[in-house]
Amino acid sequence: MIRAIFFDVDGTLLSHTTKCVPRDTVQALRKLRDQGIMIFMATGYTLIM
């Protein structure tokens, strides 16, 4: 059973072109959350970057 999923934000969830998270990605993340899967997002950037 999958209990948690980790995503890299930059280039995986966040488009470098549009600077947004695509709507279908948001919907997919909501489906995971609705199934009780914890979602974690990570980045190598600092807050200043």
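**Exercise 1.** Determine how many aromatic pairs the predicted model contains, and classify the geometry.

*Solution.* Step 1: rings are paired if their centres lie within 6.5 Å, and the count by this rule is 1 aromatic pair. Step 2: the partners are Phe6 and Phe40, whose ring centres are 4.8 Å apart and whose planes meet at 15°. Step 3: planes under 30 degrees apart count as stacked, so the pair of Phe6 and Phe40 is stacked. Step 4: Phe6 belongs to strand β1 and Phe40 to strand β2, so the pair ties together parts that are 34 residues apart in sequence. Strand β1 covers residues 4-8, and strand β2 covers residues 38-42.

**Exercise 2.** Assign Phe6 and Phe40 to an exposure class, and identify the surface patch that contains Phe6.

*Solution.* Step 1: the relative accessible area of Phe6 is 62%. Because exposed means over 50%, Phe6 counts as exposed. Step 2: Phe40 has a relative accessible area of 35% and is therefore partly exposed.

**Exercise 3.** State the confidence of the prediction for the chain and for its elements.

*Solution.* Step 1: the average pLDDT of the chain is 87, and 96% of the residues score at least 70. Step 3: where pLDDT is low, the predicted coordinates should not be read in detail.

Conventions. Residues are numbered from 1 along each chain as its sequence is written. This is a predicted model: local features need pLDDT of at least 70, side-chain atom pairs count only at pLDDT 80 or more; totals for chains, interfaces and linings use all residues. Side-chain values use heavy atoms; hydrogens and water are left out. Patches are made of residues with over 30% relative accessible area and no salt bridge: like charges are joined within 9 Å, nonpolar side chains (Val, Leu, Ile, Met, Phe, Trp, Tyr) within 5 Å. Accessible areas come from the Shrake-Rupley method with a 1.4 Å probe; for residues, only the protein chains shown count as cover. A salt bridge is a side-chain nitrogen of Lys or Arg within 4 Å of a carboxyl oxygen of Asp or Glu. Helices (H or I, at least four residues) and strands (E, at least two) are DSSP runs, numbered from the N terminus. Buried means under 20% relative accessible area, exposed over 50%, partly exposed in between (1.4 Å probe, protein chains only). pLDDT is the predictor's confidence in each residue, from 0 to 100. Rings of Phe, Tyr and Trp (its six-membered ring) pair if their centres lie within 6.5 Å; planes under 30 degrees apart count as stacked, over 60 as edge-to-face and the rest as tilted.
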